[in-house]
Amino acid sequence: MSRFLVLYSTVDGHTAHICQRLQQFLERDGHAATLADLGENTGIDLAPFDRVAVGASIRYGKHRPYVAQFMRERRGTLEAKRCAFFSVNIVARKPQKNTPQTNPYMKKFLKQIGWHPSQLAVFAGKLDYPRYTFWDRQIIRFIMLLTQGPTDPAAVVEYTDWQQVEAFARALGDA
Ligand SMILES: Cc1cc2nc3c(=O)[nH]c(=O)nc-3n(C[C@H](O)[C@H](O)[C@H](O)COP(=O)(O)O)c2cc1C
């Protein structure tokens, strides 16, 4: 049994939702799992935890800057505890861009932080046009038009493969 800290960086809540599912899967498998918003807890004391998992979403090509900063500044502790990192983005709905080796945002992020967390994953996110501001909706619809995605302004599509999330939780627990 391990004590996990699951940290999320989210804008519209979907990465938090994925982290809640991870927490549930980990607890079901007999582990303890604490969930926290990384943006509000960048100074969190990692001592009470055996393992740390960090999930962050992409917005206009980037994770929030505090994510890479946290991973760089806490590298020593995170490496010692074995850290997992996953990125959530809409590009990952494409099968050829949904692994740590093929997803452009993951590749960029790993270069940015300068080290490789021991477990990595890329999850496809959620498209939720009604939730977006007018301009965000127009921009994302245009990007979707260029990449053969849905453009109906009423579309809400969850691309996340929950079996992949469950398999990731199991891999975290087994490692
Ligand atoms: C304003 C905006 C910009 C986005 N930019 C990108 C992007 O550049 N690349 C991408 O793959 N996904 C992009 N997405 C999709 C998000 O990564 C996806 O919706 C994800 O599920 C959001 O997770 P969150 O709710 O945890 O923030 C964008 C979404 C929004 C609303």
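The C-alpha centres of domain 1 and domain 2 lie 24 Å apart. This is a predicted model, where local features need pLDDT of at least 70, side-chain atom pairs count only at pLDDT 80 or more, and totals for chains, interfaces and linings use all residues. Residues are numbered from 1 along each chain as its sequence is written.

**Exercise 1.** Work out which residues make up each domain.

*Solution.* Domain 1 takes 3–125 + 160–174, and domain 2 takes 127–159; such bounds come from an automatic or database domain assignment. Next, the contact: 6 residues from domain 1 and 5 residues from domain 2, counting pairs whose C-beta atoms, placed from the backbone, lie within 7 Å.

**Exercise 2.** Describe how H1 and H6 cross.

*Solution.* Start with the axes (lines fitted to C-alpha atoms over the stretch in contact, with angles from 0 to 180 degrees between N-to-C directions). Those of H1 (residues 14–28) and H6 (residues 162–174) come within 9 Å and cross at roughly 50°; helices here are DSSP runs of H or I, at least four residues, and strands are E runs of at least two, numbered from the N terminus. That makes H1 oblique to H6, since angles under 35 degrees count as roughly parallel, over 145 as roughly antiparallel, 65 to 115 as roughly perpendicular and the rest as oblique. Then list partners: Ile18 and Phe25 are among the H1 residues that meet H6, whose side includes Trp162 and Leu172.

**Exercise 3.** Find where Arg82 sits, and its phi.

*Solution.* Arg82 lies in the loop between helix H3 (75–81) and strand E4 (83–89). Its phi is positive, about 65°, although Arg82 is not a glycine.

Notes:
Two residues are in contact if their C-beta atoms, placed from the backbone, lie within 7 Å.
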